[in-house]
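Reader: Please take me through this structure one feature at a time. I am new to it.

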Amino acid sequence: MDSRKNKGIDRREFIEISAKGAAAISLSPLPALSSCANSKTAIIVFGACYHDCPDRCSWKVTTVENKVTDFQASKNNPYTAGNLCDKMVSFPTDVTFHPDRILSPLKRSGPKGSGSFFKISWEQAISEVATTLKDIIDKKGGEAILPYSFGGNQGLVQGDAISSRFFAHIGASQLERTICGNAAVEGVLATNGQTTGVLPEDIIHSRYIILWGTNPILSNQHLWPFIQKAKSNGAKIVTVDPFQSKTSEESDWHIQPRPGTDTALALGLMHVILTENLQDQEYIDRYTLGIEQLKEHVQKYDPETVAHITNLEKETIIAFARAYAESTPSLIRVLIGMEHQVNGASAFRAVAMLPALTGAWRHFGGGLMHMTYELFGEALNWESINLPTELVNPKTRSINMVELGKALNNSAINPSINALFVYNSNPAVTTPNQNLVRKGLERDDLLTIVSEHFLTDTARYADYIFPATSVLENWDILDSWGTPYININEPSIEPLGESKPNSELFRLLAQEMGFKEAYLYESDINIVKRTLESNHDYLKGITFESLRKTGWAKLNLPEKWMPHVEGNFKTSSGKCHFYDPNLEQALPDFIPISYSDQEKKQYPLHLLTIKTPKYFLNSSHANVDHNLEKEGKPYLEVNPSDAALRNITDGDELKVFNGRGRVLITARISNKVKQGVVCMPQGFWPSLLKGGSSANALTNDLLTDMGRGGAIQEAKVEVVKV
Ligand SMILES: Nc1nc2c(c(=O)[nH]1)N[C@H]1C(S)=C(S)[C@@H](COP(=O)(O)OP(=O)(O)OC[C@H]3O[C@@H](n4cnc5c(=O)[nH]c(N)nc54)[C@H](O)[C@@H]3O)O[C@H]1N2
Ligand SMILES: Nc1nc2c(c(=O)[nH]1)N[C@H]1C(S)=C(S)[C@@H](COP(=O)(O)OP(=O)(O)OC[C@H]3O[C@@H](n4cnc5c(=O)[nH]c(N)nc54)[C@H](O)[C@@H]3O)O[C@H]1N2
Ligand code: SF4
Ligand SMILES: [Mo]
């Protein structure tokens with residue numbers, strides 16, 4: 001999730017410091033820490049998890065002489081509640097002090113992808129990279145340079161504060177950062193105008209909870225205890241998921257539709273609700289728009305038709321609609337998982353209509369629960385994070401991150417991409433159509449620069465690698481897309497080896513390239529402080545000093561957060577939009593991809609490549625031995641009937657393939673998937689797997705219906721024994 005979206009874009013402001021002043025700004029090590037880093041007494045500082053995770057846990061780090069002696073979750077933050085997930089409990093040894101960590105700049109010495117590098121100094125690396133970038137800009141223009149980054153570090157400073165200014169300043173191509181969250185957000189915004197519905201801790205008041213395309217036991221772990229509390233208060237838990245996830249196993253009811261058919265399922269529920277008169281007509285009349293058009297539209301989504309589309313029983317659809325409409329308070333929890341389908345945004349748009357149809361928003365703990373980033377969008381001062389006005393250049397071309405493979409291999413685009421600058425991301429593993437991405441990375445005429453902690457599968461293709469600090473070694477301020485808690489991250493140790501924060505890398509490059517503009521040199525601590533300079537009510541009493549003492553704070557929100565109890569939707573009309581003639585589709589519709597008979601025969605199985613690994617976060621931590629051991633080898637889940645058809649038995653070695661690639665993997669025959677669907681984990685590094693390919697070698701770089709996200713889960717494959 002790119003948590004900077006929709007944040008005060010109009011409030012950008014230029015930092016007025018003279019060019020002379022800028023040149024004088026020192027690029028010295030981080031302030032505050034240096035005086036005590038070598039102290040023999042224990043120092044305690046607070047920080048927070050930088051991962052692309054809705055939980056944004058808070059922690060406390062104790063150090064003695066630049067060594068971490070204790071690393072613990074905050075006990076007093078009610079959401080973190082003293083627990084870090086299994087991925088993060090041993091973070092200092094897994095990442096910061098890991099022996100494989102890259103601690104000096106490296107230059108490539110072997111063929112791209114071979115992983116052969118030699119050490120060079122920062123001076124040499126910065127000088128050579130700056131010279132080559134300037135040369136590319138002179139000869140082909142800034143657009144020949146493409147930054148590629150995502151949520152590898154969600155700190156607002158190390159995320160993109162300085163890098164975005166640097167790339168805008170040189171006129172680089174813009175990256176559409178849409179691989180996670182964009183389709184989901186676009187869908188919900190089309191209906192409600194905002195994504196902030198029920199807040200996570202308020203789920204305890206719900207009595208009917210639908211976990212629709214989300215797997216909190218693994219991917220939103222700190223929400224799970226609150227769901228259990230609701231359950232012990234009498235709530236029923238229903239999970240809608242084409243895969244039998246850990247969460248579905250703990251639910252009262254698992255509804256298992258065909259992947260990508262949720263739009264039809266949601267419209268089918270509306271059909272039943274409206275036919276059986278289960279709607280809240282008063283709420284609809286007062287606070288929604290387009291009920292007549294919706295009524296007419298859902299005629300075609302009768303239970304029988306929807307049963308056919310979703311591969312569910314007709315009776316299931318009817319019973320589900322009734323149970324939902326008749327329970328109070330009822331809550332639908334959506335997050336991201338369901339968006340990676342061609343109809344992904346429409347699914348979110350349609351699901352988001354249900355609480356208005358039933359009037360669920362009237363009740364505390366009722367409605368839709370999605371994101372929280374808008375709260376921070378209002379509360380914080382975004383001047384330091386957003387681009388200064390004069391750097392906003394809508395004319396610079398945009399390249400969609402999902403289509404990286406296509407972009408790198410397209411010599412017809414003008415200018416073609418000559419330099420790729422990767423930070424906070426590992427596209428050789430996480431971007432769809434892996435083989436096309438790798439083919440692009442192999443190009444001899446492409447300068448690839450990677451800033452990283454480890455020699456990832458992407459870094460293996462780099463011409464230059466820069467060593468990045470870990471979260472224990474740099475300042476940051478962290479908002480959240482899944483909680484109403486804000487965190488400060490204070491460095492607890494001096495940077496190890498020659499590592500430097502992302503921000504410092506871009507300040508050094510700017511200096512070497514001779515740029516004078518002050519905005520390129522703002523210090524990390526200044527960005528943290530400025531971001532907190534806001535008079536918004538939500539931030540009352542929350543200051544840089546107060547955060548340093550506690551690490552975290554809950555935004556000052558009204559005691560009972562019920563955003564739509566009386567409408568107040570953030571749409572153009574202020575109402576919930578069932579219908580919107582200004583959108584390409586005035587109503588959400590189920591529009592599947594139509595495959596030819598030959599395609600269906602060639603690749604008959606629908607492949608899900610999802611976040612089943614408990615010990616990885618996307619591809620992060622998937623290089624750490626004990627995580628790999630605990631995760632075990634990757635399996636392809638195959639339904640018994642599909643296995644029988646192909647003569648596959650449990651434990652067989654398989655080849656999964658389509659026109660884009662092939663993955664070697666072990667069979668696990670189970671009912672976790674229905675007939676026609678197979679599932680494998682994402683996140684494994686191809687270089688660590690037999691066969692050298694992982695899940696994304698099979699996935700599609702198609703875009704979603706709205707939001708230009710990745711329809712990653714629209715992949716068809718065939719499977720054979722090897
Ligand atoms: N352990 C762990 N935790 C993580 C992550 C991780 O990699 N590992 N990643 C983090 C990130 S980046 C994110 S975005 C969040 C995502 O968190 P979630 O939104 O919970 O998403 P996922 O776990 O991707 O998917 C949830 C479920 O959606 C299901 N799904 C797939 N296609 C469909 C569909 O068409 N319809 C429906 N109804 N369901 C579908 C999948 O089978 C899966 O079980 O998790 C975060 N937390
Ligand atoms: N098949 C399939 N593909 C998917 C998904 C899926 O469910 N299935 N999920 C998608 C989703 S939801 C997401 S969010 C994306 C995530 O994809 P990515 O954004 O590529 O996420 P990670 O794999 O965690 O890689 C982040 C990298 O950033 C590095 N990093 C961490 N901190 C820093 C820092 O401070 N500085 C620098 N320079 N580097 C740092 C880490 O070491 C790590 O290698 O993957 C997407 N891809
Ligand atoms: S990855 Fe998520 S659950 Fe784990 S420590 Fe970080 S924020 Fe918490
Ligand atoms: Mo994500």
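**Reading a pocket and other features**

Reader: By class, how many nonpolar, polar and charged residues are in the lining of the second largest pocket?

Author: The lining has 12 nonpolar, 10 polar and seven charged residues. Ala, Val, Leu, Ile, Met, Phe, Trp, Tyr, Cys and Pro count as nonpolar, Asp, Glu, Lys and Arg as charged, and the others, Gly among them, as polar. This is a predicted model, where local features need pLDDT of at least 70 and side-chain atom pairs pLDDT 80 or more, while totals for chains, interfaces and linings use all residues. Residues are numbered from 1 along each chain, chains are lettered from A and ligands numbered from 1 as written, and side-chain values use heavy atoms without hydrogens or water.

Reader: Where does the second largest pocket lie?

Author: Rolling a probe the size of a water molecule over the atoms shows where empty space is left. A pocket is an open set of points on a 1 Å grid over the protein atoms alone, where a 1.4 Å probe fits, with protein on both sides within 12 Å along at least five of seven lines; lining residues have an atom within 4 Å of a point. Here the second largest pocket lies between domain 2 (198-369) and domain 3 (597-721), because both give residues to its lining; the bounds come from an automatic or database assignment. Of its 29 lining residues, Arg258, Tyr595, Pro604, His606 and Lys716 lie nearest the centre.

Reader: Which residues are around ligand 3?

Author: They are Cys49, His51, Cys53, Asp55, Arg56, Cys57, Leu84, Cys85, Lys87, Met88 and His222, each with a heavy atom within 4 Å of the ligand. Six of this shell are nonpolar, two polar and three charged.

Reader: How many salt bridges does the count give?

Author: Side chains of opposite charge can pair when their charged atoms come close. The count comes to 34 salt bridges, each a side-chain nitrogen of Lys or Arg within 4 Å of a carboxyl oxygen of Asp or Glu. One of them joins Lys107 and Glu128 (2.9 Å, N to O).
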